[in-house]
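Thanks, everyone. I will take a few minutes on one chain and go through a handful of residues.

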Amino acid sequence: MSKYSGVVIAKNNESTIGLCVKSLLELTDDVIVVLDDASTDKTESIALDLGAKVFKKKWEGYSANKNFGVDKAGNDWILCPDADEVLDNVLIKNLKTLKLQVDHVYELNILTFFGKIPVKHCGWFPDWNIRLFNRNVMKWNNNFVHEQLISDKKLTKTKVNGLVLHYSFQNEGHMKAKFEEYAQLRANEWIKSGKSPSIIKQWFGPAFRFIRTYILKLGILDGATGFIIAKNEYILKKNEIKYWRQMIRK
């Protein structure tokens, strides 16, 4: 029996779920896919055909659906890539020989793609995130979006060499659609938590985000892709505030 379980939340990810599940199957035979019950494509059949266990669930937020999947896992050590993330061969090799310690959490380096182009700047890379943890000492918080892993214990972060290949955006239209969803989720999170963006953030946040991404984080070195990302991050921040204002008026 493998020491790992793979837990993935998914919705309409037929283009990437196969690669994601196959990379996890290199490490474990216990792969859990929590599928949004509003999913309409072939994600479920692809995952099932590969041997993953699929649980359909109503969308209750990133954290809630991930915690649901963690509860279904057969092992305590949880690998948690997104449905559009694929573990590369170097990372798989290192995970196979990794000596796990309960008081450690493990960070993996994520390389995001815009279409077929890897984004090396924009503040997007390197991008170390916890993708391996022990469920007895760590769980997802209650955030509806931008979820985070939390623990009441002091844990040591350890980096594992290799890459998680993140096929996040097929093109600019796909990015716009995702960012539109993220903006609405963030505005809704502000409302639910009783928080609000500061006046400075409302007035200058979108412009600063563009400057940060394109200039300070060297997005300019990613060429046209860097400009597209910076422009759409500006729109994202602008829409977060727009939707928040609309919600507080209701």
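This is a predicted model: local features need pLDDT of at least 70, side-chain atom pairs count only at pLDDT 80 or more; totals for chains, interfaces and linings use all residues.

Phe204 sits in helix H6, residues 199-216. Its relative accessibility is 55%, and the cut-off for exposed is over 50%, so Phe204 counts as exposed.

Next, Leu19. This residue belongs to helix H1, which spans residues 17-25. Leu19 has a relative accessible area of 46%, so the label here is partly exposed. Leu19 and Tyr234 are 215 residues apart along the chain, and their C-alpha atoms lie 31 Å from each other.

Now to Asp84. This one is in a loop, between strand E4 (77-79) and strand E5 (85-87). Is Asp84 buried or exposed? Buried, because its relative accessibility is 8%, and the cut-off for buried is under 20%.

Which side chains make polar contacts with that of Asp84? One is His166, at 3.1 Å. Another is Lys178, at 3.2 Å. Leaving aside residues up to four places away in sequence, Asp84 touches Thr16, Leu165, His166, Tyr167, Ser168 and Lys178.

To recap: Phe204 is exposed, Leu19 is partly exposed, and Asp84 is buried, with side-chain polar contacts to His166 and Lys178. That is what I have.

Methods
Residues are numbered from 1 along each chain as its sequence is written. Side-chain values use heavy atoms; hydrogens and water are left out. Helices (H or I, at least four residues) and strands (E, at least two) are DSSP runs, numbered from the N terminus. Buried means under 20% relative accessible area, exposed over 50%, partly exposed in between (1.4 Å probe, protein chains only). A polar contact is a pair of N or O atoms within 3.5 Å; within protein, one must be able to donate a hydrogen and the other to accept it, and residues adjacent in sequence count only if both atoms are side-chain atoms. Contact means heavy atoms within 4.5 Å.
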